[in-house]
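I opened this model to go through its sheet, its helix packing, its chain contact and its DNA surface. My entries follow in the order of looking.

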Protein chains: 2
Amino acid sequence: MTRASKKPDARVPLTGLFGVALEAMLEDFQQLLKETEFNDIRPTHGCVFRFVKGDGMRLTEIAELAGMTKQSVGEVVDDLVVRGYVQRIPDPGDKRAKLICLTERGEQAQATGFGLFAEVEKEWIKRYGAERVTQMRALLEEIAANEAPEAVPELARPELAHV
Amino acid sequence: MTRASKKPDARVPLTGLFGVALEAMLEDFQQLLKETEFNDIRPTHGCVFRFVKGDGMRLTEIAELAGMTKQSVGEVVDDLVVRGYVQRIPDPGDKRAKLICLTERGEQAQATGFGLFAEVEKEWIKRYGAERVTQMRALLEEIAANEAPEAVPELARPELAHV
DNA sequence: GCAACCTTGTAAGGCGTCCTGACAAGGTGA
DNA sequence: TCACCTTGTCAGGACGCCTTACAAGGTTGC
């Protein structure tokens, strides 16, 4: 205590705490996912599953949402095609473009994934308290909508939330 | 609204929110760091700066704390040596081992880094409210101490906090 | 209709971060 | 002393992402 004044900023940086929380939650998620038939899905695939909608999206659009290059997302899509989760169908209105859409299996995987995320969150609510977790979620949603609106279109444009 | 019941789990997963918050805060930090003389420090270097203490630590120990392999941390240390932030001195009590310790420049960088993290947090408190951010930090600290105690020794063993 | 320009997606190659496997040198306990 | 463990390093590779360059297809203005 006598030396406490020597390190006024010695608290663990918030970035570290975010990182630990992210990693822990992702591990819980992967653990649950491993028990399903979709156990070949890796975190990287999330950049597609998070955004792709039923009626198909263009690579360019997904890349913008994910904040990645078209090439990088293209690689992920290639992988998901091989695994049977998505397919590229020609855009009827533009011969350059292809619509990336979920296969039936892909739809199931997406629904399962979102369901498991909800499950993990419920588990954390049990562990740490509903009020605290809910408050944290609310703040994080506000932060996300503020700091990276393009990454969370559902929050930035609430009118699309039920599409 | 009529279709709201179709997607009960359509909230943005917490992992995504953690990721966005982490990225945004890290960017704020790097922005500030860029203005200092320590602007060649990258996020990867954090695995050493976060843990290394004044009187030196072994590679093995840092690797365990960081949850990485010795080889990976060794690579980071190599880089930090080249940049003049740390040095390896032979362990007097064990000829196999080397103590990794901060140079004077390294100590300054570490202090600056922790200071900037505190500054960014203050900025976020201004933006989002002291009470909410403080509550979030408290919860995150509890989560971290629970889910990955080895990664946050200060929290898991509070008696060391003022070392 | 056509030339200049933009958009969409892909191919090729590279970089950074992390891993696994194998090992030499040094410590440790029977 | 011998078998075994620990410490750190070398070599090689996986993975996720990037940059550069380009062909094919739209779009705009004349």
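**Sheet of chain A**

Strands pair here if DSSP finds at least two bridges between them; helices (H or I, at least four residues) and strands (E, at least two) are DSSP runs, numbered from the N terminus. This is a predicted model, in which local features need pLDDT of at least 70, side-chain atom pairs count only at pLDDT 80 or more, and totals for chains, interfaces and linings use all residues. Residues are numbered from 1 along each chain as its sequence is written, while chains are lettered from A and ligands numbered from 1 in the order in which they are written.

S1(A) pairs with S3 (residues 98-102) of chain A in the antiparallel sense over two bridges. A:Met57 stands opposite A:Ile100 in S3(A).

**Helices H3 and H4 of chain B**

I checked the axes (lines fitted to C-alpha atoms, for helices over the stretch in contact, with angles from 0 to 180 degrees between N-to-C directions). Those of H3 (residues 59-66) of chain B and H4(B) come within 9 Å and cross at roughly 110°. H3(B) and H4(B) are therefore roughly perpendicular (65 to 115 degrees) to each other. Contact means C-beta atoms, placed from the backbone, within 7 Å. Among the residues making it are B:Leu59 and B:Ile62 of H3(B) and B:Val73 and B:Val77 of H4(B).

**Chains A and B**

Which rotation superposes chain B on chain A? I found one of 180° with 0.0 Å of shift along its axis (RMSD 0.0 Å), using least squares on the C-alpha atoms of residues with pLDDT of at least 70 in both copies. That is the relation of a two-fold axis.

I read 45 residues from chain B and 46 residues from chain A in the contact. H1(B) gives the most to the side of chain B that touches chain A, with 13 residues.

**DNA strand C**

I listed 20 residues around DNA strand C, of which A:Leu59, A:Thr60, A:Ala97, B:Ser72 and B:Lys95 come nearest. Near means a C-beta atom, placed from the backbone, within 6 Å. H3 (59-66) and H4 (70-82) of chain A and H4 (70-82) of chain B each supply at least two residues of this surface.

Note on methods:
Contact = placed C-beta atoms within 7 Å. Parallel < 35°, antiparallel > 145°, perpendicular 65-115°, else oblique.
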